[in-house]
Amino acid sequence: MKRAWALFKAHPYVSNVLGYTTLFASADLIQQSVLGGSHGEGGGGIDLCQTARVATVGFCFHANFNYHWLRWLERVLPGGGVRAVAGKVVVDQLLAAPLTISAFYIGLSLLERKENLFEDWRQRFWTSYKTGVVFWSTMQAVNFAFIPPVARTTFLGGIALTFTIYLCHLRQQPGHKFE
C-alpha cells in the first residue's frame, strides 16, 4: 500500500485522471448491468460503445476539469476548517456542478451525433442539478475536510461513480421533462 501511495503522490495528475476516468466508465457498466439501461443492438447485454462514450466524456472533460478545479479551490480557499470547507462546497455547487452536469449530457449527445445536442440537457438538467446539490454538498464536505488534496480527484471519482450511475440511468429514461 505504501508503494501505491508513493506512486500516487509522485504522479498525482496521471493517477487522479486515470482513476477518475475508470470509476466514471464503471458507473455506466454498473448502470447497464444492474439497472438494465442498455439500449444496444438486440436490446440486451452491455453496450460497450455507450460505455466508451461515457469514458470519453469522463476522461476528456470530467477527470481533467475536476483535477484542476479541486487544485484551484484549494489555492483560493485553503485548509480543512469549517469556514474553508463550507466555502468550497458553495462555490463548487454554484459553479462546477452546473458545468459538469451540462458537460455530461451535451458531451454524450455530441458523441452520439444527436441532431439536437441540448435536448437531453434541457429535459434532465434541473432534476440532475437538484439531486446533485443534496448529494454533492455532503460528499464534497467529506472530500474537503478529510481527504488530502493529492487524492481528492480520485476520491471524487469514487463518489462520482454513484452519481454517474444515477445520471446514466436518468438519461436512459424515455424523453420527457423531469421535475
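Setting aside neighbours within four places in sequence, Tyr105 is in contact with Asp120, Trp121, Arg124, Ser128, Leu167, Leu170 and Arg171, where contact means heavy atoms within 4.5 Å. The model is a predicted one, in which local features need pLDDT of at least 70 and side-chain atom pairs count only at pLDDT 80 or more, while totals for chains, interfaces and linings use all residues. Residues are numbered from 1 along each chain as its sequence is written, and side-chain values use heavy atoms, with hydrogens and water left out.

Tyr105 also belongs to the largest nonpolar core, which has 30 residues; those with the most contacts inside it are Tyr20, Trp69, Phe104, Tyr105, Trp136 and Phe144. A nonpolar core is a set of buried Ala, Val, Leu, Ile, Met, Phe, Trp, Tyr and Cys residues joined through side-chain atoms within 4.5 Å. Two or more residues each come from α2 (12-35), α3 (48-76), α4 (82-111), α5 (119-146) and α6 (152-172); helices are DSSP runs (H or I, at least four residues), numbered from the N terminus. Because domain 1 (1-36 + 46-76) and domain 2 (80-178) both give residues to this core, it lies between them. The domain bounds come from an automatic or database domain assignment.

The centres of the two domains, taken over C-alpha atoms, are separated by 13 Å. Their contact takes 31 residues from domain 1 and 34 residues from domain 2.

Two individual residues may be considered next. Leu161, placed in helix α6, is buried at a relative accessible area of 17%; buried means under 20%, exposed over 50%, and partly exposed in between (1.4 Å probe, protein chains only). Not counting residues up to four places away in sequence, Leu161 touches Leu23, Ser26, Ala27 and Ile30. The C-alpha atoms of Leu161 and Ala25 are separated by 8.2 Å, although the two residues are 136 residues apart along the chain. Asn143, in helix α5, is likewise buried, with a relative accessible area of 0%. Beyond its neighbours within four places in sequence, Asn143 is in contact with Leu70, Arg152, Phe155 and Leu156.

On the surface, Tyr13, Val14, Leu18 and Phe59 form a nonpolar patch with about 360 Å² of accessible area together. Such a patch is made of residues with over 30% relative accessible area and no salt bridge, its nonpolar side chains (Val, Leu, Ile, Met, Phe, Trp, Tyr) being joined within 5 Å. A salt bridge is a side-chain nitrogen of Lys or Arg within 4 Å of a carboxyl oxygen of Asp or Glu, and accessible areas come from the Shrake-Rupley method with a 1.4 Å probe. Helix α2 gives the most to the patch, with three residues. Phe59 lies in helix α3 and, at 37% relative accessibility, counts as partly exposed.

Terms used. Patches are made of residues with over 30% relative accessible area and no salt bridge: like charges are joined within 9 Å, nonpolar side chains (Val, Leu, Ile, Met, Phe, Trp, Tyr) within 5 Å.
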